[in-house]
Structures are given as structure tokens and as C-alpha cells.
Amino acid sequence: MATKYFTGNGDSGNTTVIGSGSIPKSSKLVYAIGDIDELNSYIGLASFYVVDEFLRGELKAIQNDLFMLGAELASTFNSSVHSAQKVDASRVKRLEEGIKIMGDRLPELKAFVIPGGSEAAAHLHVARAIARRAERSIVDASVEYPIGKEVISYANRLSSFLFVAALYVHK
């Protein structure tokens, strides 16, 4: 039996979020979810070029976090859904620890950094820019939707992590 890879439910311009039913695909919440999805995909691409095992492991963990974060955004109207898997302070702390580990191996930053360098660094810089857009989308959506503070903190810290990761792989 073949798997069906589409439903056609979104043909009207609406999509379903957990606990809310149908909302317009142009809503701020859907933009935030889409930006997280794009970021997760791009981190997958960037990790292809990263040879450092520590960073590859961290990027994989971040991808898992982003999958969970997207599900959390999609269930903003039903807090009982995914209650065991939410972005919390421990995940923000892990990003901070990764920044410290990589940062301790880098020389002092004394100038602005022009994105680029090695292939891995260039991809991580693009991922950082997408992360910053995703953070703006999340903050924008939080004006209308009940989005947790830790989700915003995670998105903010993630762009810093990706910036340091780009410097780290380029060193």
C-alpha cells in the first residue's frame, strides 16, 4: 500500500495547528513555524560540511530541539500537548556551554566578522542569519499567541551559538 504524502487540506490557504483548528497560512504563528523549519533544514545542510565531531553532535541536538520547538509553536493553544517535550532553560544552558567550549578555543574577537571563510563557516553564517529571522518571527508571533519565554531565549541564544560555530570551524 502506497503512503499518501499529501492531504489537500491546505488548498484553501489555511492550515491546522494543534488545539486551535484552522488558521490562515499567512498568520504570524505559521511564519514562525516555517522559519524554524527552514532553519532546521539549513542546519542539516551546514552540518554536512562540518568535520568537527563535537560540533556535529551539537548541531544534531539543535536539530532535535528545533523539531520540538516547532511542535511547541504548533501547539500553543493546547499546553497539554507535548508537555513533556518543551524548550526549557536546560536547552538554553546547553547552547551557552557550547558557546563557551568553542569560544575558549578561539582568539579574542577584535573586529567585525564578514560572513564567509570555509564552506562550513559560510553555511553556518547563513544558518545564523536564518536563526535571527526565526527569532524575529517568534517574537512577532508572541504578541498574538501564547509563546513561552524560553522559546524566545533559545532562539536568541541559537544565533549566538551559530555565530561562534562559524568562527570555530573557520579557525
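This is a predicted model: local features need pLDDT of at least 70, side-chain atom pairs count only at pLDDT 80 or more; totals for chains, interfaces and linings use all residues.
1. Start with helix α2, residues 53-74. Its 22 residues should span 32 Å at 1.5 Å a residue, and the end C-alpha atoms are 32 Å apart, so expectation and model agree.

2. Glu 58 sits in α2. Its relative accessibility is 15%; it counts as buried because the cut-off is under 20%. Setting aside neighbours within four places in sequence, Glu 58 touches Arg 94 and Phe 161.

3. Glu 58 and Arg 94 also form a salt bridge, with their closest N and O atoms 3.7 Å apart. Arg 94 lies in helix α3 (residues 89-103) and Glu 58 in helix α2, so the pair ties together parts 36 residues apart in sequence.

4. The structure holds 10 salt bridges. Another of them pairs Arg 133 with Asp 35, the closest N and O atoms being 2.8 Å apart. This pair links distant parts of the chain: Asp 35 is in helix α1 (residues 28-49), Arg 133 is in helix α4 (residues 119-142), and 98 residues separate them. Asp 35 is buried at 8% relative accessibility. Arg 133 is partly exposed at 29%.

5. Lys 100 forms a salt bridge with Asp 104; here the closest N and O atoms are 2.8 Å apart. Asp 104 is exposed, with a relative accessible area of 55%. Elsewhere, salt bridges with shared partners join Glu 58, Asp 65, Arg 91 and Arg 94 into one network.

Note on methods
Residues are numbered from 1 along each chain as its sequence is written. Side-chain values use heavy atoms; hydrogens and water are left out. Helices (H or I, at least four residues) and strands (E, at least two) are DSSP runs, numbered from the N terminus. Buried means under 20% relative accessible area, exposed over 50%, partly exposed in between (1.4 Å probe, protein chains only). Contact means heavy atoms within 4.5 Å. The expected span of a helix is 1.5 Å times one less than its number of residues. A salt bridge is a side-chain nitrogen of Lys or Arg within 4 Å of a carboxyl oxygen of Asp or Glu.
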